[in-house]
Amino acid sequence: MAAAPSRGPTYKVVLLGELGVGKTSLFRRLKDNSFDEYQTATTGIDSCSKVVKIDGSTVMLSIWDTAGVERFRTLTRNYYRNAHAAVFVYSVSDASSLHYLAQWIKDAQNFAPSATRMLLGNKVDIEPPQAEIDATTSKSFAAAHEFELSSLVSCKTNTGIADAFESLARALHTSPAVSNQQRTASVIPGQELNVDKDLDSSGQNGGGGCRC
Ligand SMILES: Nc1nc2c(ncn2[C@@H]2O[C@H](COP(=O)(O)OP(=O)(O)O)[C@@H](O)[C@H]2O)c(=O)[nH]1
Ligand SMILES: [Mg+2]
């Protein structure tokens, strides 16, 4: 009888970027493959686990969405704590959302300096002239800021998301920068996903945290 596949490592992945770029929409695509045209502003930090299979191995991504506090551009240190990866999201229909990523990049450098970084340009279903950012601009930005990974996606049409997160999982799983100790540290049950415990006392918990 074949041995049951063992549960692989868990990697914490935080979503970053301006309000309205589609972080919660991305989260929902990853969580239950849904999309809401009228997605309301996030009211609490939410996390979910996403299983990704890579070459026969099972890798778990623990995805964290913000509490809507990104409008103040101040996520807490706890949000970044033990993050293995930071996903920087902008909207191709809003040039300023790419511009302001510079601030998110700085924050992540401070709070999660060793995190693997992925750039995602969302809403590629939107065509010019509403689309303000083209693929060349996105590529230059990714190169200038030395992102390990970069993709264009659409949460609305579910384009590019599975591939982007498979690449991220693969990069994490094979990265010598993520030590075995870090990999196992993050799988202690109730640690990386315990939203209530993991929030600081700054009142940023909107009460919407969940485990899924
Ligand atoms: N056209 C289009 N709209 C999107 C896409 N992703 C998200 N949206 C819309 O953008 C708005 C903001 O999305 P939301 O996920 O709340 O952004 P957040 O503030 O970054 O969490 C919502 O009205 C979404 O329906 C996309 O890929 N294409
Ligand atoms: Mg949101």
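Before you click, one term: two residues are in contact, or touch, if their C-beta atoms, placed from the backbone, lie within 7 Å. This is a predicted model, where local features need pLDDT of at least 70, side-chain atom pairs count only at pLDDT 80 or more, and totals for chains, interfaces and linings use all residues. Residues are numbered from 1 along each chain as its sequence is written, while chains are lettered from A and ligands numbered from 1 in the order in which they are written.

Start with Thr116. Leaving out residues up to four places away in sequence, its contacts are His84, Ala85, Glu148, Ala171, Leu172 and Ser175. Is Thr116 buried or exposed? Thr116 is buried because 21 other C-beta atoms lie within 10 Å (20 or more count as buried, 12 or fewer as exposed, in between as partly exposed, with C-beta atoms placed from the backbone).

Now colour by secondary structure. Thr116 belongs to strand 5, residues 116–122. Helices (H or I, at least four residues) and strands (E, at least two) are DSSP runs, numbered from the N terminus.

Next, select ligand 1. Its shell has 19 residues, with Gly22, Lys23, Thr24, Ser25 and Lys156 coming nearest; being near means a C-beta atom, placed from the backbone, within 6 Å. Helix 1 (residues 23–32) gives the largest share, three residues.

Finally, zoom out: 40% of the protein's 212 residues are buried.
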